[in-house]
Amino acid sequence: MEQEMERRERCHGDEGEGGDEKWVHDSSVDYKGRIPLRASTGVWKAAFFIIRKLVSNFSEPSTIFCPAIELSERMSYFGLSTDLINYMSIVLHQDLKTAAKNVNYWTGVTTVMPLLGGFLADAYTGRFYTVLLSSLVYVMGLILLTMSQFIPRLKPCTNMKHCGQPKKIHEVVFYLGLYCVSLGTGGHKPCLESFGADQFDDNDPVERKKKMSYFNWWNFALCCGLLAGVTVIVYVDLSVGWGVSYLILTLCMAFTILTFYAGKAFYRYQLPEGSPLTPMLQVLVAAIAKRNLPHPSNPDSLYEVPKSHKSKGKLLCHTNKLRFLDKAAIIEDMEGLQAGMKNQSPWRLVTVTKIEELKLVLNMIPIWLTTLTFGLCVAQASTFFIKQGTTMNRKIIKGVTIPSGSIYSLSAVGMIISVTIYERILVPLLRRATRTERGIKILQRIGFGMIFSVLSMTTAAMVERKRLRLAEREIAMNVLWLAPQYLILGFGDGFTLVGLQEYFYDQVPDSMRSLGIAFYLSVIGVGNFCSSFLITVVDHATEMSSGRSWFREDLNKSRLDNFYWLLAAMSALNLCVFVFLAKRYSYKSVEGMVVVVADCEENGGSCC
């Protein structure tokens, strides 16, 4: 109570002297629990400790960044995941199907775990401490992986040159380390990105515009970590040893945790508000309890907290979609409500804002489902694409042979190019053409990127067919033939993946921002699980129908080209469904402290 009075005094004490501009009024606090001072907290000065400056751009000296803790985490993740299928094939002696499925399972768990981490951060622990604690778990996983390579009793074999079957203790420690990394990613990944976005005030026009660029440059910087992971780390894996690369990753991650903690005084913090699922359950319970009541003809008669009583958060407008839920805001006892709000149970009467927040989440489900096919295509880049590279001629110039996993770096190059073109060329042109801050709608950006996934799978199918024909004549195709499919997929990532990050952060209720980023990550995670499931189904189906599976231990006798054609067809059909849903989607947009849904007037809703 005393803290709240102090915050009000600080705010009111500056009124008339530029107080509205001096302090940040977006429900955030500084590290001492006070209203943040705009000049000394947040924006890029806080992001410096989350992402460290790489170079300056033409107009904003702190816009292009290279991750500090995020670069280290992404370098660790891609350094592990890119060469994981080779480790499982070479060291653990797993066949192609088993290795691909194990990689997909690990990647799936790693990218689904953020749903748990995001929920805990939003509800109880807050984003800062969730990032800090999960990063320590991440380092513990890297330490276990390092130990599995250096401690004699934990090594795969006593004599690595003649290793027929790895020790069980090695497999146990290795998988334990891998899934500790998954657990650490579960808290680190959704919270760090949303914590960085929290440093920009939506109510300030200047900061809001910078925030629209934040996700573009975040991913630009993320690609730096990816490039380091799939080039430097993969090269160390094969040239020096996996143990040395794991040790490098451990030291880098430990150092950047200290860097992140050092910026504590410069951050803006969003306090956890309890479980974001509870208000949604209250809406459902109240709507079901009042299911027999007639729907009010005037939405203005539905219950809402007056703006003057709304101390934090934003109000949402009423919309006519999912009207059954509106019954949760029907006022049954007006006299009792006016006499005292304490008598009203939140399980019997809820506000229009809570109802609209549930509608936002429900409207996201079809969009989430239609993006899973894109996640399925992305999963091939770290499994079958890399395995193809192991069978090809990897000499790019005389005397220079690249690791098969390093070709994955072209995906990052494609993403960097597309993000740069979008941010520097397309956005300014589209802003002038549409006269809107964003330029194009988020779902339009996502859908445009999905076109590239179709093109990438089509290209992959044609390249693989050509590779198989050359393999029949015992000719090894050059690995650079894989470049087009990687570059095209990277271009798609720059539109779809970045768009998904922005979409799920922007469109979820304010109390679910970490979960929003987790929803984006779950697209990749569930996409990997879908890939494993599809491999199993196709394997059994082709084995039964023709007696020859598309996935054989010898890649030259497999039919990955047919599998890629299947993915291209699935992606094309899925894109049509996505476009159908996107045209009917309702956005929310911020105007000061009020959130309005873009189609309020079109749907006859009550606009704020």
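Me: Is Glu-502 buried or exposed?

Reply: This is a predicted model in which local features need pLDDT of at least 70, side-chain atom pairs count only at pLDDT 80 or more, and totals for chains, interfaces and linings use all residues. Residues are numbered from 1 along each chain as its sequence is written, and side-chain values use heavy atoms, with hydrogens and water left out. Buried means under 20% relative accessible area, exposed over 50%, and partly exposed in between (1.4 Å probe, protein chains only). Glu-502 has a relative accessibility of 8%, so Glu-502 counts as buried.

Me: Which side chain meets Glu-502 in a salt bridge?

Reply: A salt bridge is a side-chain nitrogen of Lys or Arg within 4 Å of a carboxyl oxygen of Asp or Glu. The N to O distance here is 3.9 Å, and the partner of Glu-502 is Arg-445.

Me: How many residues apart in sequence are the parts that Arg-445 and Glu-502 tie together?

Reply: Arg-445 is itself buried, at 2% relative accessibility. Because Arg-445 lies in helix H18 (residues 442–472) and Glu-502 in helix H19 (residues 483–507), the pair links parts whose separation in sequence is 57 residues.

Me: How far apart are the closest N and O atoms of Arg-127 and Asp-198?

Reply: Both Arg-127 and Asp-198 are buried. They form a salt bridge, and the closest N and O atoms are separated by 2.3 Å.

Me: Is Asp-561 buried or exposed?

Reply: The side chain of Asp-561 meets that of Arg-559 in a salt bridge of 2.8 Å, N to O. Arg-559 is partly exposed, with a relative accessible area of 25%. Asp-561 has 2% relative accessibility and therefore counts as buried.

Conventions. Helix = DSSP H or I, 4+ residues; strand = E, 2+ residues; numbered from the N terminus.
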